[in-house]
Every structure is written in C-alpha cells, then in structure tokens.
Amino acid sequence: MEEKRYSILLADDEPIERMALVKRLKKYFGENCQICQAENGKEALDVFRQKQCQVVIMDIAMPEMNGVEAAERIRALDSECSIIFLSAYDDFAYTRKAIQIRALDYLLKPCENEDLVAVIEEAIHQAQRRAGEVKRQNAVQMAPPEAGGGAKQAEAVEREGLEVPAAGGLTAGETVRDQQMESVRAAAREHAAVERMAQAAEKIRDYLQKNYMKEISMQEAARMMEYSDAYFCKLFKQCFGQNFTTYLTILRVNEAKKLLQDPLANIREVSMRVGYYDSNYFAKVFKRYTGMIPSDYRDSQNAQSK
C-alpha cells in the first residue's frame, strides 16, 4: 500500500532560513511530505486555506501578519492540525500563547536536528492517527443498513475494529452523554500525560544526579534510559525547559559551588569530582556561570564565613 504524503506549511520571512529548513525536512522525510512555503502570516493563512496542510511550522516575527495571529486563525479553521512555532524569541508570553493555541511545540532558532525531527515525526504520527479515525468513521457511515439485523454493516464495522451502534442510531440524549464522556476521557488523558511527564522528569533528574560526575552525553543518557536520541531530546526540553547540555552544566557548577565551600578545597580535585577532567576548561565554564574563577569563589566563601 502506498504511503500517504502529508503537507507541511513552512512560514518564515527569511528566505535563506526557509531554504535551509526545507533542505533539512527533505533530507529526513524525503517524498513522504509535500512542503508548502509562505513568507508572511497573511500568505501562510491563504496557503493553508488552499492546501489544508496537516503540519504548520510558523515563525513568530513576520510582516503583514505575525505568526501568532496567523496560527490563531489557522487553529480556528482546523482544530486538529499540528502547529509548531520556530522562533528566535525565547519569550514566556509567546510560549504561553503557543499553549493557548495548542501548539505541538515551540522551538528556538537555531534548532537542533534532533528537536526538529522529533517534533515533525510526532506531528506526522498524529496526522496518521487522525486519518485512521476518519477512515473508521467513514466505514460506519457508508455501510448500508439491511434487513435481518444489518449483518453487512456489523461485518464492515468489525473489520475496522468498532462497536456496532444500536438500531435506529443515537438519540439526542445519547449524543450529549457521548460528548460528556469524551470530555471526561480527554481530561483523563491529559492528566495521565502530565503524570507520565512528571515521572519521566524524576527519572531523568535522578539519573543525572547519580552520574553528573562522569563523562556523559545526551546520546549516552538516552541509551541508558532506553529512549531514542530524538525522543529524549524533545522529552528533556519539555520536562526542564532547557537542553541537556545546559542542564548538566548548571548541575555540575552548582555541585562545584558546594564543594568550594571548603576553604581547603583543591581546584583540580573539585573539577574531577564534578565531571570535568580538564581543570582549565572547568575554570572557564565555572566563571561563565558565576562570574568568578573557582579559586576566587572559594576564597570569597571563606571570607564570608569568617
């Protein structure tokens, strides 16, 4: 069976960035996706109306109509399409707006390939799931009712893995109850997703707390926790709001600060104990986050304690 092609709308007013992103998408997804382009929010809205794209990658700052407004209008047209913001602005107001629009993700430029691939894969997966649901619904609606209990209808529905509706269809009361039950189920799914993320965050935090003193990479952490690199990268950003390297570096610096409370602390030994086997590199990293080299920080702590 031929695999369905999915349409991706890419809206960015910078031609070079747009061209680079198109190249990356084609490299990873090849002929499985048709890529439509727009250079501002207004054009993006027009293209979406014409193409009904399943995935939208939207820059924030664009002329005529910004990405947030365009995304809001697209969401009003299609409640199911996956919207992904790709922006140079690390602004909480934009992130909050993305949540309100039910954006799938908010990626900062320049985004890593792992982040990009993971979120597009998830968007395509969601589109495939929706397409499957539509197909099953159509199978129910198109199966003609027949005398003798609707055997052919039941057979068609069974092939699609659905339950046979009661004779005569749903009453108004049943429709309302179904809608209420769907709302309850949706809330339960959301709660379960929050719980799973909290558990994943705790698992990751515990792993890093036990292993920060070793030479570990994101790829090694992902393998140890049995995640794919792309999924781990996306999950980590969702859990902690920053990438793996930044989180690990801050953890190491904070642990080093604790060790440097000791006025007799040896800088090289502290460096080794927090996972840096080059004390000069450790000093540069430490200064970048604290404004002081390790020895000065140790001395300042010693002076404060007197």
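Select Gln 301 first: at a relative accessible area of 15%, Gln 301 is buried, where buried means under 20% relative accessible area, exposed over 50% and partly exposed in between, computed with a 1.4 Å probe on protein chains only. The structure is a predicted model, in which local features need pLDDT of at least 70, side-chain atom pairs count only at pLDDT 80 or more, and totals for chains, interfaces and linings use all residues. Residues are numbered from 1 along each chain as its sequence is written, and side-chain values use heavy atoms, with hydrogens and water left out.

Gln 301 belongs to helix α13, residues 294-305. Helices (H or I, at least four residues) and strands (E, at least two) are DSSP runs, numbered from the N terminus. Display the side chain of Gln 261 as well: a polar contact of 3.4 Å joins the side chains of Gln 301 and Gln 261. A polar contact is a pair of N or O atoms within 3.5 Å; within protein, one must be able to donate a hydrogen and the other to accept it, and residues adjacent in sequence count only if both atoms are side-chain atoms. With neighbours within four places in sequence left aside, Gln 301 is in contact with Leu 260 and Gln 261, contact meaning heavy atoms within 4.5 Å.

Next, select residues 279-290, which form helix α12. This helix of 12 residues reaches 16 Å from its first C-alpha to its last, close to the 16 Å expected at 1.5 Å a residue; the expected span is 1.5 Å times one less than the number of residues. Colour Ser 279, Phe 282, Ala 283, Val 285 and Phe 286, which are buried residues of α12. At the start of α12, a side-chain oxygen of Asp 278 comes to within 3.0 Å of the backbone nitrogen of Asn 280. Following α12 is Gly 291, with a positive phi near 85 degrees.

From α10, show Thr 246, Thr 249, Ile 250, Val 253, Ala 256 and Lys 257, which meet Phe 282, Val 285, Phe 286, Tyr 289 and Thr 290 of α12. The residues of this contact divide into 7 nonpolar, 3 polar and 1 charged. Here Ala, Val, Leu, Ile, Met, Phe, Trp, Tyr, Cys and Pro count as nonpolar, Asp, Glu, Lys and Arg as charged, and the others, Gly among them, as polar.

**Backbone geometry**

Most residues other than glycine have a negative phi, and most peptide bonds are trans. Select Lys 109 and Pro 110, which are joined by a cis peptide bond with omega about -10 degrees. Pro 110 lies in the loop between β5 (105-108) and α5 (113-142).

Continue into α5, whose 30 residues reach 43 Å from first C-alpha to last, close to the 44 Å expected at 1.5 Å a residue. Its buried residues include Leu 116, Ile 120, Gln 126, Arg 130 and Ala 139.

Two positive phi values can then be inspected. Gln 52 is not a glycine, yet has a positive phi of about 50 degrees; Gln 52 is found in the loop between α2 (41-51) and β3 (55-58) and is partly exposed at 42% relative accessibility. Glu 64, also a residue other than glycine, has a positive phi near 70 degrees. Glu 64 sits in the loop between β3 and α3 (67-77) and is exposed, with a relative accessible area of 66%.

Asp 59 is in the loop between β3 and α3. Is Asp 59 buried or exposed? With a relative accessible area of 6%, Asp 59 is buried. Residues up to four places away in sequence not counted, Asp 59 touches Ala 11, Asp 12, Asp 13, Gly 67, Leu 86, Ser 87 and Lys 109.

Finally, select Ile 35 in strand β2, residues 33-38. Ile 35 touches Ile 8, Val 22, Leu 25 and Lys 26, not counting residues up to four places away in sequence.
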